[in-house]
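Please view the sequence and the model before reading on.

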Amino acid sequence: MKKRFSILSIILCIAVAALCLVGCSDHGAPEHSTENPTYAITPAQAEAEYLGFMTEEHIDRTTFKEGEKKAADDLVVRLKEMGYEDAAQISFSTSENESGKLDSQNVVAHLRDDSKTTKNVIIGAYYDNRYQAAYNGDTPDGGEGAVSATSVAAVLCAADYIANHRSALDSQLNVTIVFFGASYMSNDGAKAFLDDMKDSDYQKIVLMIEMQRLCGDHIYAFSDARETKREKLFDRVAADNGLDIYKVTSKTPLITGLSALNGVPYYQWAHSGLFNVFFNAGVPTLNLVGANWESSKLSDIESTSHDNFLYSENDTLRNVKKYHPDYAEKIATAASLTVSALYDKEFTTVMTYDRENFPNTDTVSSSWIWYLVVLGVIIAVAGAMVAISAHLKKKHPIVVKAPPQMKMAVFGMDYEDKSSADIFIDIQGSGNDNIFDGIENNAPKSNNPLDDIFPPNAPTDNRGEQGDDDGNAQGDDPFDPPTDDK
C-alpha cells in the first residue's frame, strides 16, 4: 500500500508540474472586464479603412516592385486627405544577395512642424508583401499580405483620429506616421528611416509604436522583458476603456543564443518586426501584435483554430474574413489603445522618463521569478522520472542474457563451466569426426604418433601388406623390425 501511494504521489507531482508549465503566467489575459469596450475608433471605421486598402489594386505589394510603389502612392493620397500636408514618399536604395541596388520607399507624414515641438511619437507599420519574387533567387509567398494589412488599417485609423483631434494633443508632442517599405527584406525601410534622421530629430523620439498582424486570437502589448512605465500606462488605459489587450506571457520561450536586441541575450517572438530596429537604436518601443501565446503548444501561432497562414499563399482577404471574423474589432482595439494613451494626461511625462532611462527603466520584473519556478518544475519532473524508473527497475528487473559465443577448447581446456552459455568445440578431434568438412588434408589422426611417419594409407603390395620398392614384405627401411633368417 505504501509503495502504491508513493507511485501515485509521483504521478500527481508530474501532472501538477505539467499544468504549471503550460498554464501558469504572471501576465496573459486582461484582468479587467472587456465585455463593453469603449472604442475611440469603432470597428466599422476600422473595417472601412481595411477594405479600402485591401483592394484588388493592392494585392500585389511586392517589395522593390511596381506594386509596392503604387501602394505607397495611395497611402500618400490618404494621409493628405486626412490633413497631413507634408505626407510624401522618401526613397531609399538597398541591396539583397547579389541583385545589385534595389529601390524602395517609406511613406512619412508629420502632424505638426518639428521645429515647434520637443518630443515625437512614431506610429508605424510595414505595408509591403512578397506576392511575387522580389529579386533574383527570392522565394515568393504568393499571398495577398492580408494579415499584415490589418496593421496598415490600424495606423490609418489612428492617423485619422489624431488629425481630427490635434488641438487636444499636448503641444510639446508631434506625431509621425510612417509606412515602411522593404520590410520583408530585413526591415530595410526602418533602417533607412533612422539613417536619414538628423540627430536633433532622433533625440526628440520618446516612443515608437508598431502595429503588427492584428488579426490573431489576441492583441498583445509588449515594450520590454523588464518592467517599463510606458507598458504600465498602456495597461491602465486598456483597463479604463475595457479593451481586450493581453500582456506577453512569461511562458513564451526565451530563445537563448539568438537575439535581435542589443544587450539582451535572448529572443522572444514579441521582439520581431520593426520593434527590434528601433529598440537597438535606443528608442523606447511598444509592439501591438496579434498572436496566441497562451496555448499549450508553446509556439508562435496566430490562432488555435487553424494553422498559420501569414507569409504563405493562403494569406488572403478571403481567409482573414473566414478565420478571423472579428478582425475589425482587433484593428479597432489596437488603434483605440494607441490614441487613448496618446491623449492621456500622463503620457508625455511617462514617455520622457522611459526615454531618459532607456533601457534601464526599472528593476528586473517579476517574470524572472517565474522562469526560476519553471526551472524548478523541470528539475522536479526530471527527479520524479528518475525515481519512477528506479522503482520500476527494482520491481520488474529486466534480465538480458548475453548471446552465446562459440569458443575453441584445446588440449584439455576446462570448458565445463555450468554457468556459461557459451558453446565449446573440441578441436583435438576424435574418432571419425570431420570438423571442417570438405577441406583437404583434414582427416582425423590416430592416437599412434608413428602414423605421422608411416601413414595408415600408405601403398601396399599385392598381398595387402606394406612393402618396399622391391615388393618384398620385409622392406629395406632401417626402421623395419629385424627378422630371423630361419
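Which helices are included in what covers the buried residues of H2? The model is predicted, and in it the cover includes helix H3 (66–82), helix H4 (146–164), helix H9 (317–323) and helix H10 (327–342).

## Helix H2

Helix H2 spans residues 43–53, and its buried residues are Pro-43, Ala-46, Glu-49, Tyr-50 and Phe-53. Viewed along the axis of H2, these buried residues fall within an arc of 125 degrees, so they line one face of the helix. An α-helix has 3.6 residues a turn, so residues three or four places apart point the same way.

Ala-44 and Ala-48 are exposed, and they sit on the other side of H2.

## The sheet

An open sheet is formed by 8 strands with mixed pairing, in the order E1-E2-E4-E3-E5-E10-E6-E7. The edges are taken by strand E1 (88–95) and strand E7 (245–247); each has a single partner strand, so one side of each is left without a neighbour in the sheet. From one strand to the next, the twist averages 25 degrees.

Within the sheet, strand E3 (residues 119–126) pairs with strand E4 (residues 173–180) in the parallel sense, over 8 bridges. Asn-120 stands opposite Asn-174 in E4.

## Helices across the sheet

Helix H5 (residues 188–195) lies across E1, strand E2 (101–110), E3 and E4. Its direction is at about 140 degrees to E4.

Helix H11 (residues 347–356) lies across E3, E4 and strand E5 (205–212), and runs at about 100 degrees to E5.

Technical notes
Residues numbered from 1 in each chain as written. Predicted model: local features only at pLDDT ≥ 70, side-chain atom pairs only at ≥ 80, totals over all residues. Heavy atoms only, no water. Pairing = 2+ DSSP bridges. Helix = DSSP H or I, 4+ residues; strand = E, 2+ residues; numbered from the N terminus. Axes fitted to C-alpha atoms, helices over the stretch in contact; angles between N-to-C directions. Contact = heavy atoms within 4.5 Å. Buried < 20%, exposed > 50% of the residue type's maximum accessible area, 1.4 Å probe, protein only. Arc of directions from axis to C-beta.
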